[in-house]
Amino acid sequence: MKKFIVAFALVLTSQFGFAQEKASREDVAKVIERSGAAGQMNAAKKQVLAMIPQDKKAAFVVEFDVMMNKVKDKTIDIYQEEYTKDDIKAMLDFYNSPVGKKMAEKTEAIATKSQEAMAGLQSEIQTMVMKYMQ
């Protein structure tokens, strides 16, 4: 029994020794912000906003922003599960570089152009899916 307890203690100790330190929520939020994710959301927001009647747009924006804060919180949780503190630091280093900044700056334009391109392909995609669903 004594050997079992010692072995168990060693296993627990080794698990804690190899555990990766989590990045702070603040650093993860910086990665998400600097990655240009907000640009993608702004592009989606503009697309949906164009379909909302003028008298309801202000209320929509308020609700949309609350929902996006929830999405951001969940995304931070996922990043903390999947990436180590060192990973997040490396991402921040990249997004602070000239090419990282350029990438983030172009995200909204790329998202908008991608949405437009996909809209042009939507009927083709639907036709292909329907072909295989029958």
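A crossing of two helices counts as right-handed if the near helix is turned clockwise from the far one by less than a right angle. With that in hand, welcome to a quick tour of a predicted model, in which helices α3 and α6 make a right-handed crossing.

**How α3 and α6 pack**
- Two packed helices are described by the angle between their axes and the distance between the axes.
- For α3 (residues 37–49) and α6 (residues 98–133), the angle is about 45° and the axes lie 7 Å apart.
- The two helices are therefore oblique to each other.
- On the α3 side, the contact is made by Gly39, Gln40, Asn42, Ala43, Ala44, Lys46 and Gln47, which meet Thr107, Glu108, Ala111, Thr112 and Gln115 of α6.
- By type, the residues of this contact are 3 nonpolar, 7 polar and 2 charged.

**Helix α4 and its cover**
- Helix α4 runs over residues 57–82, and its 26 residues span 36 Å from the first C-alpha to the last, close to the 38 Å expected at 1.5 Å a residue.
- Its buried residues are Phe60, Phe64, Met68, Ile76 and Gln80.
- Helices α2 (25–34) and α3 are included in what covers them.

**A closer look at Ile32**
- Ile32 has a relative accessible area of 11%, which is under the 20% cut-off, so this residue counts as buried.
- Beyond its neighbours within four places in sequence, Ile32 contacts Ala37, Thr75, Ile76 and Tyr79.
- Tyr79 is 47 residues from Ile32 in sequence, with 9.2 Å between their C-alpha atoms.

Technical notes. Residues are numbered from 1 along each chain as its sequence is written. This is a predicted model: local features need pLDDT of at least 70, side-chain atom pairs count only at pLDDT 80 or more; totals for chains, interfaces and linings use all residues. Side-chain values use heavy atoms; hydrogens and water are left out. Axes are lines fitted to C-alpha atoms, for helices over the stretch in contact, and angles run from 0 to 180 degrees between N-to-C directions. Helices (H or I, at least four residues) and strands (E, at least two) are DSSP runs, numbered from the N terminus. Angles under 35 degrees count as roughly parallel, over 145 as roughly antiparallel, 65 to 115 as roughly perpendicular and the rest as oblique. Contact means heavy atoms within 4.5 Å. Ala, Val, Leu, Ile, Met, Phe, Trp, Tyr, Cys and Pro count as nonpolar, Asp, Glu, Lys and Arg as charged, and the others, Gly among them, as polar. The expected span of a helix is 1.5 Å times one less than its number of residues. Buried means under 20% relative accessible area, exposed over 50%, partly exposed in between (1.4 Å probe, protein chains only).
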